[in-house]
Amino acid sequence: MSVADIVAAEGWPGFRARETETLISVTQPGAVIATGGGIILAPVNREFMRQNGVVVYLNAPVPVLARRLEAFPEADQRPTLTGKPISEEVADVLAQRDALYRETAHYIVDASAAPERVVTLILDALHLATAS
Ligand SMILES: Nc1ncnc2c1ncn2[C@@H]1O[C@H](COP(=O)(O)OP(=O)(O)O)[C@@H](O)[C@H]1O
Ligand SMILES: O=C(O)C1=C[C@@H](OP(=O)(O)O)[C@@H](O)[C@H](O)C1
């Protein structure tokens with residue numbers, strides 16, 4: 001079942017409730033959880049992630065994010081949040097969420113780099129987290 005199917009059947013509140021349940025059920029020591037971008041909207045999710053994990057915010061500028069999403073929209077997994085064109089949607093949504101990403105993250109990584117570089121930056125952050 002895709003995200004679009006869940007939203008069509010249950011609305012965004014239904015999806016968000018399942019998202020919280022899933023976050024809690026998949027969390028275990030050593031697991032890497034690539035959450036959806038909306039995970040930080042619920043205070044309970046933010047609190048849970050900070051308490052139980054090392055949270056990394058993959059930060060990139062709006063034009064970079066918009067270009068990547070336009071190349072592979074995957075509309076079934078990322079149904080529109082606002083009904084606006086992608087670059088406008090990304091700008092609006094990021095403006096609303098950036099402070100929440102920052103307050104939830106233990107580390108902020110520059111995700112505008114190539115994937116291999118982003119992986120190195122994440123590993124550096126995780127090594128820092130286990131060293132301290
Ligand atoms: N560092 C990167 N460099 C180039 N393209 C990337 C990078 N990170 C992600 N992408 C591309 O951006 C799109 C969205 O990335 P994805 O990891 O699926 O993000 P999310 O899980 O937040 O939806 C995908 O098409 C992916 O290949
Ligand atoms: O930002 C959001 O609100 C969402 C992002 C999606 O995940 P990705 O960030 O993996 O695309 C997915 O959870 C859902 O479509 C909602």
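Okay, let's start at ligand 2: one of its oxygen atoms sits 2.8 Å from a backbone N or O atom of Gly37. When I say polar contact, I mean a pair of N or O atoms within 3.5 Å; within protein, one has to be able to donate a hydrogen and the other to accept it, and residues adjacent in sequence count only if both atoms are side-chain atoms.

Quick housekeeping. This is a predicted model, where local features need pLDDT of at least 70, side-chain atom pairs count only at pLDDT 80 or more, and totals for chains, interfaces and linings use all residues. Residues are numbered from 1 along each chain as its sequence is written, chains are lettered from A and ligands numbered from 1 in the order in which they are written, and side-chain values use heavy atoms, with hydrogens and water left out.

Back to ligand 2. A polar backbone atom of Gly38 is 3.2 Å from an oxygen atom of the ligand, and a side-chain N or O atom of Arg97 is 2.7 Å from an oxygen atom of ligand 2. Of the 380 Å² of accessible area that ligand 2 has on its own, the protein covers 75%; these areas are Shrake-Rupley with a 1.4 Å probe, and for residues only the protein chains shown count as cover.

Who's in the shell? Around ligand 2 we have, among them, Val3, Trp12, Phe15, Arg16 and Gln77, where near means a heavy atom of the residue within 4 Å. Helix 1, residues 3-26, gives the largest share, 4 residues; helices are DSSP runs of H or I, at least four residues, numbered from the N terminus. By class it's 5 nonpolar, 4 polar and 3 charged. For those classes, Ala, Val, Leu, Ile, Met, Phe, Trp, Tyr, Cys and Pro are nonpolar, Asp, Glu, Lys and Arg are charged, and the others, Gly among them, are polar.

Now ligand 1. Its surroundings are Arg68, Phe72, Arg78, Ala111, Ala113, Ala114 and Pro115. That shell splits into 5 nonpolar, no polar and 2 charged residues. On contacts, a polar side-chain atom of Arg68 is 3.2 Å from a ligand 1 nitrogen atom. Arg78 has a side-chain N or O atom 2.9 Å from an oxygen atom of ligand 1, and a polar backbone atom of Ala113 is 2.9 Å from a nitrogen atom of ligand 1. Here the protein covers 49% of the 550 Å² of accessible area that ligand 1 has on its own.

And Arg78? That residue is also listed around ligand 2. Thanks, that's me done.

Technical notes
Helices (H or I, at least four residues) and strands (E, at least two) are DSSP runs, numbered from the N terminus.
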